[in-house]
Amino acid sequence: MNESSWGAPPHTGSPAGYWGPSDQGPVQGAAPAGPAYDAPEAQQTRPMPIVPEGPAYGGDQDDDRGAARLSGPLFRDETPQAPPYGVVQQNPEPMPDAPQPAPPPQKKSAGRDLGAAIGVGVGLGVVIIASLFVVKAVFVGVIAVAVVVGLWELTGRLEERKGIKAPLVPLALGGAAMVVAGYVRGAEGAWVAMALTALALLVWRMTEPPEGYLKDVTAGVFAAFYVPFLATFVALMLTAEDGPWRVLTFLLLTVVSDTGAYAVGWRFGKHKLAPRISPGKTREGLVGAVGFAMVAGALCMQFLIDDGAWWQGLLLGFAVAASATLGDLGESMIKRDLGIKDMGTLLPGHGGIMDRLDSLLPTAPVVWLLLVLFVGSG
């Protein structure tokens, strides 16, 4: 018979107590059984409390009865634990009415690596000055190289963004020939080279299928005029006796105009000049460009150009500021149409060659013409 701790069947021959299985005598301390539970004077028994099983109570973790018991991190997270006594819980979030510190003011950014831009600009200036005043022919070669690289950037962007395939080979050869012809034969030679370059573009494009012929040739003629033909006027300035000083004046005025526009516009610019074309340009920057260029023009005409006068420099500076700004806006319009920021990445801090020629190219014929009117062709 299975005997449990809750009680056992009464022994008929032993009314006074419970005898164990061996009948060797009463078990000391055992609960009375049988009729003793039915006696009126017997104490009422209360059920023992059920002790939950688990590691904290010494229960068996492998017990089948506890297999479905919920436990684990889920319930530990759901039951918040009170902090230890004496520990003040910190509130990571600021009080709603606590004043928040104002963010530090953002500094204006130039949008480019200024250090790299200055380094590249100084390097280009050294190369230009050295070639300009040592041997004129070397400077003509510098112009031709800049023209070829500019054409390569422009035609590459046209094909990449618009699918326009302007023939690069006749453009590069004709562009270099234009610069050399302008230096050797003057304006007449430059015009002849321009006409021959346009004819070469028409013929070269005939070797490919006719689809897109008109737009490719038109883009090629535009590129030939925009880059090498306008650059030819720099070579024309160089042919005068004081040619290096004329070219230096042209370069200085253009750079000073751009620098004045940047400095004044960055510091005081509030009113946009042409927000749809170039959002970074301001009217205050334009005023700075005009002022800086006019002062530089007066100094250059007075001290660098033979027979020049300061008042002529004022007019020259004003014209340079206007043409340089229009040239910059013109290339910005092209880049807007193409959906790009820079024409290239050849010059760190500047972009590509075309991003440096944008204000120089349209300014070259203006300076050449005004110098011829003021002091002659030399």
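In what order do the elements of the chain run from the N terminus on? Here are some notes to read alongside the structure.

1. **The overall layout.** Starting at the N terminus, the order is α-α-α-α-α-α-α-β-β-α-α-α-α. That comes to 11 helices and 2 strands. Please keep in mind that this is a predicted model. The chain has 378 residues, and 36% of them count as buried. If you take the contacts between residues at least 6 apart in sequence, 67% of these join residues at least 24 apart.

2. **Two helices to find.** Look for helix α6, residues 213–238, and helix α7, residues 243–268. A pair of packed helices is described by the angle between their axes and the distance between the axes. For α6 and α7 the angle is about 140°, and the axes are 7 Å apart. Angles over 145 degrees would count as roughly antiparallel, but the angle here makes α6 oblique to α7.

3. **Where they touch.** On the α6 side, the residues that meet α7 are Val234, Met237 and Leu238. Their partners in α7 are Gly243, Pro244, Arg246, Val247 and Phe250. Sorted by class, this contact has 6 nonpolar residues, 1 polar and 1 charged.

4. **The core.** Nonpolar side chains tend to be buried together in soluble globular proteins. In this model the largest nonpolar core has 60 residues. Val234, Val247, Phe250 and Leu316 have the most contacts inside this core. Helix α6 gives the most to the core, with 14 residues.

5. **A closer look at Val234.** Which residues is valine 234 in contact with, leaving aside its neighbours within four places in sequence? The answer is Phe139, Ile143, Val247, Phe250 and Ala364. You have already met two of these names: Val247 and Phe250 also belong to the α7 side of the helix contact.

6. **Rings in α6.** The model has 7 aromatic pairs. Phenylalanine 229 and phenylalanine 233 have ring centres 5.7 Å apart and ring planes at 90°, so this pair is edge-to-face. Why are these two phenylalanines separated by about one helical turn? They sit 4 residues apart in helix α6, which means about one turn lies between them. Both phenylalanine 229 and phenylalanine 233 are buried. They also take part in an aromatic cluster with Trp191, Phe225 and Trp368.

7. Helix α5 covers residues 168–205, and tryptophan 204 lies in it. Tryptophan 204 is partly exposed, because its relative accessible area is 40%. Leaving aside neighbours within four places in sequence, its contacts are Pro167, Val169 and Pro170. From its C-alpha atom to that of alanine 177, 12 residues apart along the chain, the separation is 9.4 Å.

8. **A serine in α9.** Is serine 332 buried or exposed? Serine 332 lies in helix α9, residues 310–338. Its relative accessible area is 9%, so serine 332 is buried. Setting aside neighbours within four places in sequence, serine 332 is in contact with Ile277, Ser278 and Lys281.

Notes:
Residues are numbered from 1 along each chain as its sequence is written. This is a predicted model: local features need pLDDT of at least 70, side-chain atom pairs count only at pLDDT 80 or more; totals for chains, interfaces and linings use all residues. Side-chain values use heavy atoms; hydrogens and water are left out. Axes are lines fitted to C-alpha atoms, for helices over the stretch in contact, and angles run from 0 to 180 degrees between N-to-C directions. Angles under 35 degrees count as roughly parallel, over 145 as roughly antiparallel, 65 to 115 as roughly perpendicular and the rest as oblique. Contact means heavy atoms within 4.5 Å. Ala, Val, Leu, Ile, Met, Phe, Trp, Tyr, Cys and Pro count as nonpolar, Asp, Glu, Lys and Arg as charged, and the others, Gly among them, as polar. A nonpolar core is a set of buried Ala, Val, Leu, Ile, Met, Phe, Trp, Tyr and Cys residues joined through side-chain atoms within 4.5 Å. Buried means under 20% relative accessible area, exposed over 50%, partly exposed in between (1.4 Å probe, protein chains only). Rings of Phe, Tyr and Trp (its six-membered ring) pair if their centres lie within 6.5 Å; planes under 30 degrees apart count as stacked, over 60 as edge-to-face and the rest as tilted.
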